[in-house]
Every structure is written in structure tokens, then in C-alpha cells.
Amino acid sequence: MAILQKKICMIGDFSVGKTSLVARFVRQTFSDKYLTTVGVKIDTKLLTLPDGNQIKFILWDIAGSESLTTATTSYLRGSAGFLLVVDGTRRPTWDSALNLRQTVLKQIGDKPFVILLNKADLKEQWEITEELMEEKTKQGWKLLLTSAKNGMNVEQAFLELALLMTK
Amino acid sequence: MTNIPASVIEYVQSMWMAEMILTYLHIDAEGRLIDWGGYPQRYGLTTLTKDKLVVDQVDFLNGFLDITHTEVLQYLNIGGNRCIHVHIVPLEDGIYVLLLDVTAEHDRQQKMQQQVNELSILTYRQSQLLQELETTRIKLSAEKQQLEQTSKLKNDFIATLSHELRTPLTSIMGYTKLLDDAKQADVYESNYLDSVKKNANHLLSLIDNILDQTKLEIGQIEIHPNNCNVKQLLVDLKSLFLPIAQEKNLMFSVEVPDNLPTQLIIDELRFRQVLINLITNGIKFTDKGFVEVKITWQNNRLEFIVTDSGPGISPESQPKIFTAFHRESTANALPGVGLGLAISYHLVELMGGQLSVESSPQFGSNFTGFISANSVQFSVSDNTEISNSNIKILLVDDSVDLRSLIELYLENDGYAVITANDGDEAVKLALQTKPDIILMDMQMPVLDGYGAVQKLRAKKFTKPIIALSGSNIECDRNYALEIGCNQYLTKPIDPEKLLKVISQVILSSI
Ligand SMILES: Nc1nc2c(ncn2[C@@H]2O[C@H](COP(=O)(O)OP(=O)(O)O)[C@@H](O)[C@H]2O)c(=O)[nH]1
Ligand SMILES: [Mg+2]
């Protein structure tokens, strides 16, 4: 019998680390070099949940920008959930993420998501305050500090999303 | 065909792949793969099986099989390194999925987008840096202000300290001198007096050195070059140090060249201070032999060498010798806090020169330096002889001790003296009695010297006023001169100097 398949979108401004998070999650690799994504790159990964069940993630790593165009909104179709990625060292990408989430909501309805504050290894350049995070946590949003560079919370992020989606 | 270049063939082939032979998948209403054409393996679809569910074989089609009209997905990378546009077209006999190769266009777009994104990040980082810079600048300027405030407080503290310490010391020294002059003391008494005098002197020079060093550190010492009789200065120094050297059985000489002009424009006070420091130092460390001062003057430079036959300074110590509070190990048994050389070094620099040391343990030390010193054409003004008894001096000071001391000096010299206890009284008395000259203490209760001078000058009192102040802070001096004092003397008041200044001021006011 075929295992459960879930389509997941990586949403966020450009250069926040979407491609890197997928690379870390799927291939355990990381590169400092930035290569802009144009369009979408599709990857898959099999994940074993704590209850032993397996789930196949079909990851859509969508080109980042502060808003989605009509061409890119069609990528969202059939998505079961998404990761909303913020570059913790660039405050404006936080606002982009909030805008993008509105667009996604309109397009595919209220789907599970987790906010990832990525590049958590760059603490000296950090621009996201505790208050900002707390405000969203209070609304019931799930936030995680991640680093595609050192792997911190990356596996955890996908697992959290899987749990939200299978609940 | 042989004439067509390989690159042209390649180009034609790439066109062929992208547009002539279409890659497609055909899916039935149940979502099973019925058929395909073209080159799906080019895009990573290598193991297609007919009659099986397409979503299990082609991942990206998940969620797209329930469409009712054509859906286009641009720039998909579904594995491998090629990029496609996907057209999903629902027809009567199922869904056709068309895959169009757009790798070349993708790469072009990617290059462009990459530049735009990188530039945008760079601009952001730059603006962040500028902001940080501005924040740092604001912080620094606040800190600077704070520091200036602290430094001002320190100044004021020095002024107060200077006043508080020097004034009582002045009276101690003055009375000691008077007692000594009386010459009725027996041997014991005069030994005691000597001891008081020596200790008071030592205390005073200590205070003065610490004050000087502090002021040098905060850049508060200014150099005031003026006409100076250098020859006389050197004669004075010789007679000052000869007895001290003789007491230690040392030879002491001051060599003055013939070409030395009588008058040079230098800061006499500071130059004297430097020589005194160097000579004192030489005599202090030398137990046998000589201390020698050599002066030369050339190219508007006054050069001086102070040589001694003392123990010398080790090569390791020489670089540290001009550092404040540095003390040689040989100096442990000797008095002093290690400020004289540091102060001299800075003073010489301020006077446009340099001070250096050469030394070897066998031969002693050699302090060599110079300051800039222009000569002047000196015109002798005819000295009008005035009898002091016709001259009325108003002496203003709140310290009774000091007042009676100075009064004694003045009356000794034949002047007529009136006294006042504070600024208010001084203004009243001055306007009533019209003295020829006023000696005004600057720090007094009720109305201080500054206030009194301002009032007097405002009321058109034109006679000379000499400020007597416990503060030898530069800005106090400047302020006093600015508001109308003719001279500024610091305590302790040297009686000879006071008398000299009084007669000078009176001469020039006639
Ligand atoms: N230090 C650090 N750099 C990261 C991290 N994640 C991504 N990057 C870098 O950020 C840049 C953009 O990453 P990328 O994954 O291409 O961002 P995307 O545009 O959101 O896909 C690249 O240079 C990455 O090396 C991270 O966790 N830490
Ligand atoms: Mg990317």
C-alpha cells in the first residue's frame, strides 16, 4: 500500500535560506555560496514519525520574493502545509513572511505552518526581538530558531510540521 | 553536411528537443499513466510504468489531477539539471501533461535575478552599517561630552586643591622667612626654622609638580614666551645651586657663551623650571664629581646640556626615564615621586624643542635639549625714579595671616598700604581712597576678586590691579587678565617678585 504523501511549500523572502534548509534536510549538506532560485525546485524525503508511521514529503522550494506573483501562486495548489522562513539577520524578511502568509491563506486556505527564524548561528547580527516572537507565539503560532548551516532544529522543523498536518 | 560547424548542429538539436519533439504524459480519468512520448528521462522521469497511478511516479503532479482547466507551472526543476514549463491540459480522454524545456531561459533569468538579489542584500547591509556608524557616533559624542565634563570637574578640583594647599603654605613660608630675617633666634631655633623652611619648600614643590603633571595631562599648560634676561636667569640659577652642590662636595658650573643675547623670547618661568629639574636631578643622584650646565645659542635655538658624573642610567631604563612616576631603583633612598623629568620633557616639547638623555654607568648622564628662542632688539626705557612712599596700595585678601604678611613686605619697601577683607569692601575703599594700585586676592567670600575687578572696571577705575591667586590654572589666569587685571601672580607670593612686579606695573602705568 502506498505511503502517505504530503506536499509542503517553502515560503519566504529571497535568500532567507529556504533552499539551504531543504538541502540540509534532504541531503545533509550546506553551502555558503548563494544561488538564486528561479521558479521551483522539487525534492522528496521520507520521514518517519514518532508513532512509526512514514510520510513522504514532496518539497516545493519556491523562488523567494516579498510577495507572490500569479505565476507563483499556482505552485501552492495541493499544498498540505508550509514552512514560513525568515532570515533572523534581516528584519524586513519578517514582515515579508507575514505578508506572504496572508497571500497563502487566501490562495489555499488555512493550512498548518511553522515559522522558521533561520541563520540562528549569526547571533551578533540578529535583528528579531523576543517581543516580536512572543507576540506570535501568543497567537498560537509555532516558531523555531533554525540554522541550515549547523543543522540546528532543521529536522525538528519538518517534524513539527508533519505533526501539525497529521493531527 | 560536412561543411556545417558542430556548434550550429548543436544549436539546431537543442531547438529540436525543446520544440519539435514534445515530451508529454497521458493520464486517464483514474489518474493512471496511459502513455508518454518524447524524453521524460531528460527531466529525471526514468522509471515510468504504464497503468499505474501517476502521482506515485511523478511527484509534482500531486494535487494537480483534479483540475478543470489548463494549469501552467513555470520553471520547474523536478530533478536532474534541466528546467521545464509544465502545461497540464484536461481533455476528454484524460489529462495531458506537456513538458517544455526552458533550461536556457531559466539560466538567463537566474543570472539576472541573482544580481538583483545580491545587490539588494548588499544595499541592506550597507544601510545597516551606516546606521550602526551613526549610533556609534552619537554614543561617542555623548561619551566625549561626559569626559569633557569630568575633565572640567577635575580642573575645578585642581584649582580648589591648589588654592587650599598653597595658601596656608604661603603663610607658613612667609612667617618662617620673617622669623629668620629677625635673626634673633639662637642656634636651635634657627635649625628648627631651617627644617620648617626645607619641609615647606619640599611640600610646595611636590604640590606644584603634581599640579603641573595633571595639567600637562589635560593639555592645560600654555607657554607664554616673553622677553627674558637669560644671562641673569643663569646667574640666579648658579647662585641658587652652588651652595647645595658644595654641601655635597660637588663641582658645579654654568657655562654661558659670549654670543648669548641678553634678551630672548622664551617662557622664562617654564625654562627655569626645566633647568631646575635637571640640575636638581643631577645633584641628587651624584655623590662624587661634578654637575655641569652648558648653554649655547644658535639659529634661534637655545640649547642646554646638563651633565653629571653620577651612577648613570641603565640602557633598559633610559626609554622609561621621561615617564611620569617612573623611579630609578637607585632613587629608592632619595625623596621625590618621579615627576620632574616627565614634566621637563613635556615642557620642552611645548616650548618647541626636544629633550633627550645619554648615559652610561661609567661616565654618568647627559641631558641634552633645546627650545626655540628668538632674540629681541631691546630698547631701554628711561627709569623714572619714584618714591614708594607716595604710592598708595590697596591690599585685598580674606586671609588675615596672608594680608598682614604681605602688608609687612610692602611697608618694608616704603609703600603706603590700605587693606580690605573682601571684594565688596575693596570696591568701596578703592572708589573712596583712589589707590595707585590694587593687589587683589581672587578667591574671597562675599564678593570674589573677579567680581570686584569687574565692578571696579565698570566704574571706570583705571589704575593697575594685580591679581593674587591660589590657582595657577591657565584659564583662571586668562580670565583675570581678560576682565581687567594687569598682572596675575600665583601664591605662594614670592616677596621679591611681588615688589618687582609692583614697580614694573606702576612704571608702565605712568
Ligand atoms: N550563516 C548562515 N547562512 C545561511 C543559513 N541558511 C542559508 N544561509 C546562506 O544564506 C544565503 C541564502 O540561502 P538560500 O538557501 O539560497 O536562500 P533562499 O533564497 O531562501 O533559498 C546563502 O548564501 C546561504 O549560504 C544559515 O542557517 N546560517
Ligand atoms: Mg532558494
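Predicted model: local features only at pLDDT ≥ 70, side-chain atom pairs only at ≥ 80, totals over all residues.
View 1. Start by counting: chain A holds five helices and six strands. If you trace the chain from its N terminus, the elements follow the order β-α-β-β-α-β-α-β-α-β-α. Chain A has 167 residues, and 54% of them are buried.

**View 2. Three strands of chain B form an open sheet.** Follow the order E6-E8-E13 across this sheet of chain B, where the pairing is antiparallel. Strand E6 (226–229) and strand E13 (374–375) of chain B are the edge strands; each has a single partner strand, so one side of each has no neighbour in the sheet. As a reminder, strands of a sheet pair through backbone hydrogen bonds, in either a parallel or an antiparallel way.

View 3. To find one pairing yourself, look for B:Leu264, whose bridge partner in E13(B) is B:Ser375. Helix H4 of chain B (residues 230–247) packs on this sheet and touches E6 and E8 of chain B. The direction of H4(B) makes about 50° with that of E6(B).

**View 4. The second largest pocket is lined by residues of chains A and B.** This pocket holds about 1,200 Å³ of space. It has 48 lining residues, and those closest to its centre are A:Thr19, A:Ser20, A:Lys33, A:Tyr34 and A:Leu35. Two or more lining residues come from each of these elements: helix H1 (18–27) and strand E2 (40–48) of chain A, and helix H2 (103–182) of chain B. The biggest share is from H2(B), which gives seven residues.

**View 5. B:Lys491 is a buried residue in a loop.** Look for B:Lys491 between strand E18 (487–490) and helix H11 (495–509) of chain B. Why is B:Lys491 counted as buried? Its relative accessibility is 1%, and buried means under 20%. Now find B:Ser469: B:Lys491 and B:Ser469 are 22 residues apart along the chain, while their C-alpha atoms are separated by 5.8 Å.

Technical notes: Residues numbered from 1 in each chain as written. Chains lettered and ligands numbered in written order. Heavy atoms only, no water. Pairing = 2+ DSSP bridges. Helix = DSSP H or I, 4+ residues; strand = E, 2+ residues; numbered from the N terminus. Contact = heavy atoms within 4.5 Å. Axes fitted to C-alpha atoms, helices over the stretch in contact; angles between N-to-C directions. Buried < 20%, exposed > 50% of the residue type's maximum accessible area, 1.4 Å probe, protein only. 1 Å grid on protein atoms, 1.4 Å probe; cavity = no way out; pocket = protein on both sides within 12 Å on 5 of 7 lines; lining within 4 Å. Points joined across faces, edges and corners; volume = space filled by probe spheres on them.
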